[in-house]
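Dear colleague,

Please find the structure below, handed over for your records.

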Amino acid sequence: MVIEKLSLTCDVLQSHRQLACCRSYCGVPLHGKDMRIYSHMDTEQKPLLLTGHHGDVSALTFGKRSSPVLLCSASADYIIVWDIELCQKRTQQGKVAAGTVIGTLLGEVVHLSFCFSDERVAACSGTAVYILSSKRHEMISTLTCHLRPLTSAEFCPWNKDILVTTSEDRTFKVWDLKSEAVCYQSCVLSASPLLSVLLLESNRHIITGSTDGQLWCFSLPDDHNCQLVTKIDLRKVEKRHKMHQETVSDQAGSAEQSAEDKVKTSKPVLRMALCNSFTDTSSEHKIDSSWLCIGSFDGLYVVDLATSELLTAIYFKDCPSLSITMAGSWSISPGCDNSMVFLVSSLFTPCVVLLELRLCDLKRTWACGEGFSIFPSSPPLLESPLNAELKKREPEHPKKKGGIKEQPLVFHSNVKSSGYTSAPKNRMFSPTTNSQKIPSSKKANKHLGLLLRDYPADIAAPTISRIHLSISHKPVHCLQYSGDGKQILCGLGDSTVLLYKTSLAGNPTVYTGHDKPVSSVSWSLSRQWWLSVSEDQSVRIWTRGSPEPAIIMGDSMFSKPIRGAQFYYLDKFLLLASGPSLCLYLYNVDITRDTIKRYHQRSVVKLTKCFTTTSATDITTLSAINDFFSYIVLVCGSDRSLQVFDMNKGAVASMLPEAHSRAIHCITQNKGSMFSTQAPDLYNLFLTSAVTDGVKMWDLRTMRCVRRYENHLNRCHPCSSAISPCGRFIASGSEDNCVYIYDIRSSSYLHRLQKHSDTVLSVTFNPATPELLTGTLDGRLRLFQPLSGACLSHDTSAAAQSVPTMTV
């Protein structure tokens, strides 16, 4: 995968010097004071020799522009900018190549960086960073604020007046070059110095890495109030990556591997670069925009920033053909033909190598197999459990008794009265003068038209608190809107279920019967009945207008707690998880009751099939689509696994071990609603939440994590998450008494809804209108609406913001 294009033996050790590499050239110090410039296109070509420094060259860097190619070199005496093409012409003419001195006597420079227009150069020396002009000897500004020596400095690609610096004082600072002041200063991020920094223009993020292998990703908004987006431990993600790649054939080397893992070695982040910035957008082998290359002492790591997962690692020890075994410094640059080039210096030997990595090979390495789809591609199999039917009960007729029955005297059941017993009519005709006009059908259907309008796809996220209601002193464990958005079910910790209208006005209908807290509730698609699950190991199905459940599933039917239950396959089945078993039930709800046998249950429940998880682990939560036919059921286990059941075949179709670092307590599918329309591929997205591990978004088609959200705080309580009906927003509860709303396309949060009285356990979106309902640990509900929807209008013409739809 990695090709060594050039190997150079130097006269002195180059392990801690900044080397230069660009798309066409690479630069290496020679004899300490001079430099050799090699061409990538023809490594056999005689290198260009540059002389002019009186002291040892400590840092080199190429400019950002492709023409002209500029090189900046620094020593204790001079900082010089060279025009490579002009120097080559002078050398061919027999003249000595010369550069422009832009700085003198600035001390030992450890890092150089051009701005994106190549007009300015940042030079880090000691605790100061000097901003120099690249065209003449001019000191633009001197920035000093760090307490320890600087390690790197980079210009902002989208704002030429912003500079970010890192230092051995373990902080980074954002500078405003106009005012020469610090506009943001981070706290101490690590116990080890920060080594490198990278700015991403696509999502306006700052990424910095330390000597102990830690990476921090911060957002850099216009107000310069940076917020942490994600944190990555390179050693931990490497360990998780190895666990995913373990197979039975690798067990022979498990003893050697375990002995190696006992030695904990740090992986310093020496250099970083984004793969996408080096790729051609028109290429058919386009690399994901969130792939980050990290150069460390033992090899190259490719990390997906969106998921905080290691995609691949290329170790020097696994490549015996390379001339290097340990790296001291890295320089990363784009190459030709959709590749990347790396100039790496050896840590212990005076050697420098030029490596090339083909991004198309990297893409094929990470290519995924055949995935799944939430939509069925074929009808159910003949032996499929989904074809099961419940035999209907035949009506019980009374037994016929012998003998002759009495026959009626007339043929009709009703005989018209003769009228002799009725009072005589004194008035033959009386006109109606005060009759009310019956409203027309058009007028009656006027309000129904509002319910049939589409969910607004371009409205802002609900952020304005409109209703605050205290309903109990116990936790609100679960919330769910009915499919038409008119009613809300609230499962409480005091073993009751409350049924509210969507406006939360008036007193709710209270349903009692459980003995322990209600853990989940679920509406049927027809909205005629709904179920509740409790920790008392029972499931109850309720109907409208009846205070008593139509079906009670309990009485030692389940030996372990029920961790999830819902209606499935367009209300045909009940899906239920208890212990390691996933049970599929046929049912028939019969609300008629005999007055004598009042407590005799006429409803029928019949077990169709019982499935067991692959690892026989207890199920923690489940999810399936009920709004349309789907064979896929997602199940999470206590062993932190994620399993996909194909109910058509009645078997586990796929299993992902170690989906989270903790057991998953919430899984949410993108189900949309009857009021919204999304692209079909978006229904293959789903969320999983785990304590201390944030929220992950998965794609069912590839069975891989595609994004991660971890700004919210979730350390001990099972906080839930929800996807908006339009498929643009994600809401997650948090233990810092807030609700975080994310854009589904970005890992940083859009809004932080504060002023909750306690931990937010439950969140849910209204399927009909842009509303967000939250429930807290202390039994309070809060309803949020968009800023433009203060009057709760179905008219979307007043929408204040417009967000483009997500493409998959």
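Two strands are said to pair if DSSP finds at least two bridges between them; strands themselves are DSSP runs (E, at least two residues), numbered from the N terminus. The model is predicted, so local features need pLDDT of at least 70 and side-chain atom pairs count only at pLDDT 80 or more, while totals for chains, interfaces and linings use all residues. Residues are numbered from 1 along each chain as its sequence is written, and side-chain values use heavy atoms, with hydrogens and water left out.

Strand β31 (residues 487–492) pairs with β32 (residues 497–501) in the antiparallel sense over 5 bridges, and Q487 stands opposite K501 in β32. These two strands form a hairpin with 4 residues between them, and S495 in the turn has a positive phi of about 70°. Strand β30 (residues 476–481) is also joined to β31 by 5 bridges, again running antiparallel, with Y481 opposite I488.

Because 6 of the 6 residues of β31 are buried, this strand is largely enclosed by the rest of the structure; buried means under 20% relative accessible area (1.4 Å probe, protein chains only). Q487, L489 and G491 point one way, and I488, C490 and L492 the other.

The whole structure holds 3 cavities of 30 Å³ or more, a cavity being a set of points on a 1 Å grid over the protein atoms alone where a 1.4 Å probe fits but cannot get out.

Methods. 1 Å grid on protein atoms, 1.4 Å probe; cavity = no way out; pocket = protein on both sides within 12 Å on 5 of 7 lines; lining within 4 Å. Points joined across faces, edges and corners; volume = space filled by probe spheres on them. Buried < 20%, exposed > 50% of the residue type's maximum accessible area, 1.4 Å probe, protein only.
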